[in-house]
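Thanks, everyone. I have one structure to walk through today.

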Amino acid sequence: MKKLKIGITCYPTVGGSGVVATELGKLLAEKGHEIHFITSSLPFRLNKMYHNIYYHQVEVNQYSVFQYSPYDIALASKIAEVAVRENLDLLHVHYAIPHAVCAILAREMSGKDLKIVTTLHGTDITVLGYDPSLSDAIRFGIERSDAVTAVSNSLVGQTYDLINPKKNIQCVYNFIDDRIYRRSCSSKLRQEYGILPEEKVIIHVSNFRAVKRVTDVVKTFANISKSMPAKLLLVGDGPEMKVVCDLVNKLGLRDKVLYLGKQDNLEELYSISNLKLLLSEKESFGLVALEAMACGVPCIGTNVGGIPEVIEDGVTGFVCNLGDIEEFSAKAIRLLSDPDLYHQLSEHSVLAVKEKFAAQKIVEEYEAIYEQVLEQG
Ligand code: GMT
């Protein structure tokens with residue numbers, strides 16, 4: 001395919017959508033496209049030099065008369081400036097609000113026939129979609145984009161249910177670069193964390209918002225640790241951390257829980273883990289489950305949003321009803337006590353990532369969408 005000049009806008013800080021946008025940019029650059037990140041700060045996964053990746057920082061005017069800094073206007077201006085100067089072919093923006101709407105304004109400002117591809121990641125629809133003051137703007141962002149994708153079929157359905165846009169929305173799954181996410185030898189790290197050879201390691205990774213239901217993770221772990229020696233790795237931080245710590249103390253689990261905070265090299269942590277718990281009440285995809293699976297760690301997730309499209313019940317892990325601590329615990333104990341079953345689910349997890357969520361396959365899907373919108377003229 002023709003090499004393109006692509007502008008990418010995303011939330012560059014820690015979070016699945018920022019990870020997906022940045023990894024996509026890196027892989028497109030490896031294929032010879034020229035990538036321009038237009039964001040408020042350097043995307044955190046942009047950790048090495050690429051000759052064909054550029055970063056344009058959005059500066060927000062802090063004029064004291066403004067009660068709120070006009071970030072969206074500054075972003076639109078920056079996109080328009082970069083689009084004209086660098087002669088961009090298209091913009092790929094992640095999140096309808098505000099990014100698709102900013103891209104549409106930027107197109108108007110630039111006077112160019114700039115194509116816009118918007119990817120929906122979830123919270124813009126499943127949280128903001130309920131807000132009547134925003135739903136018209138979300139619909140506008142979707143309908144005026146040239147192509148719209150969502151990260152799961154569940155999110156496609158929810159977008160039609162909540163926003164009702166007159167637009168085709170295509171499901172393009174998130175992906176994993178299995179050159180990075182793979183199981184590595186990890187006995188030294190286990191020792192350094194003081195994890196005993198006979199202990200099973202349960203891991204949870206999130207931004208500790210209430211929707212992640214981390215207290216359900218702790219309650220499930222309490223049941224698991226009554227059946228076998230085990231440690232819980234809690235990775236990430238966020239508003240619910242205090243509530244989680246209080247519950248850990250109340251259940252007498254303090255010496256079995258490691259609070260690791262925000263971490264970057266997750267593949268090393270998955271490589272010392274035996275089971276991942278993702279017990280959220282909202283999750284349009286669950287990128288963290290995919291990262292664990294790529295490292296051979298089976299997951300137990302809830303029957304919510306896109307999770308059942310990522311974790312295949314009984315094949316790569318288990319999918320249980322939201323909040324059903326007894327079911328989470330029973331499935332976890334069964335899996336961790338049956339080496340044959342464990343081995344089978346672990347192998348199937350790695351295979352599923354390679355077949356259904358392989359980076360090269362998904363990048364080609366995005367390239368096909370880019371080609372399609374550019375052909376539309
Ligand atoms: O889950 C979050 O709170 C962060 C949010 C984000 O912007 O990164 O995650 C959303 O996008 C991810 C990447 O597509 C998905 O894997 C997450 O499931 C989705 N989160 C929700 O739907 C709650």
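Predicted model: local features only at pLDDT ≥ 70, side-chain atom pairs only at ≥ 80, totals over all residues.

Start with a helix pair. Helix α8, residues 214-227, and helix α13, residues 325-337, have axes that come within 9 Å and cross at roughly 45 degrees. That makes α8 oblique to α13. The crossing is right-handed. On the α8 side, the contact uses D216, K219, T220, N223, I224 and S227. On the α13 side, I325, F328, S329, A332 and I333 take part.

Seven strands make up an open sheet, and the pairing is parallel. Read across, the order is β3-β2-β1-β4-β5-β6-β7. Which strands stand at the edges? They are β3, 53-57, and β7, 169-171. Each has a single partner strand, so one side of each is left without a neighbour in the sheet. On average, neighbouring strands are turned by 25 degrees against each other, direction ignored.

Look at one pairing in detail. Strand β5, residues 115-120, runs parallel to strand β6, residues 147-150, and four bridges join them. L120 has its bridge partner in β6, and that partner is A150.

Helix α2, residues 71-85, packs on this sheet. α2 touches β1 (5-9), β2 (34-39), β3 and β4 (90-94). The direction of α2 makes about 170 degrees with that of β1.

Follow the chain out of α2. The loop between α2 and β4 holds N87. N87 is not a glycine, yet its phi is positive, at about 55 degrees. Next, the peptide bond from I97 to P98: it is cis, with omega near 0 degrees. P98 lies in helix α3, residues 96-110. For context, most residues other than glycine have a negative phi, and most peptide bonds are trans.

On to the ligand. How many residues surround the ligand? The count is 20. The closest are G15, G16, S17, G122 and S284. Two helices, α1 (16-30) and α4 (123-126), each supply at least two residues of the shell. Which helix gives the most? That is α1, with three residues. The shell divides into six nonpolar, eleven polar and three charged residues.

Stay with α1, which also packs against a helix. The axes of α1 and helix α15, residues 359-375, come within 10 Å and cross at roughly 85 degrees. α1 and α15 are therefore roughly perpendicular to each other. From α1, L24, L27 and L28 meet A359, V363 and Y366 of α15. The residues of this α1 and α15 contact are six nonpolar, no polar and no charged.

Helix α11, residues 287-294, packs with helix α14, residues 339-356, at an angle of about 115 degrees. Their axes are 7 Å apart. The crossing of α11 and α14 is left-handed. L290, M293 and A294 come from α11. S349, V350, A352 and V353 come from α14. That contact counts six nonpolar, one polar and no charged residues.

That's the tour. Happy to go back to any view.

Key:
Residues numbered from 1 in each chain as written. Axes fitted to C-alpha atoms, helices over the stretch in contact; angles between N-to-C directions. Parallel < 35°, antiparallel > 145°, perpendicular 65-115°, else oblique. Left-handed = near helix turned anticlockwise from the far one by under 90°. Contact = placed C-beta atoms within 7 Å. Pairing = 2+ DSSP bridges. Near = placed C-beta within 6 Å. Nonpolar A, V, L, I, M, F, W, Y, C, P; charged D, E, K, R; others polar.
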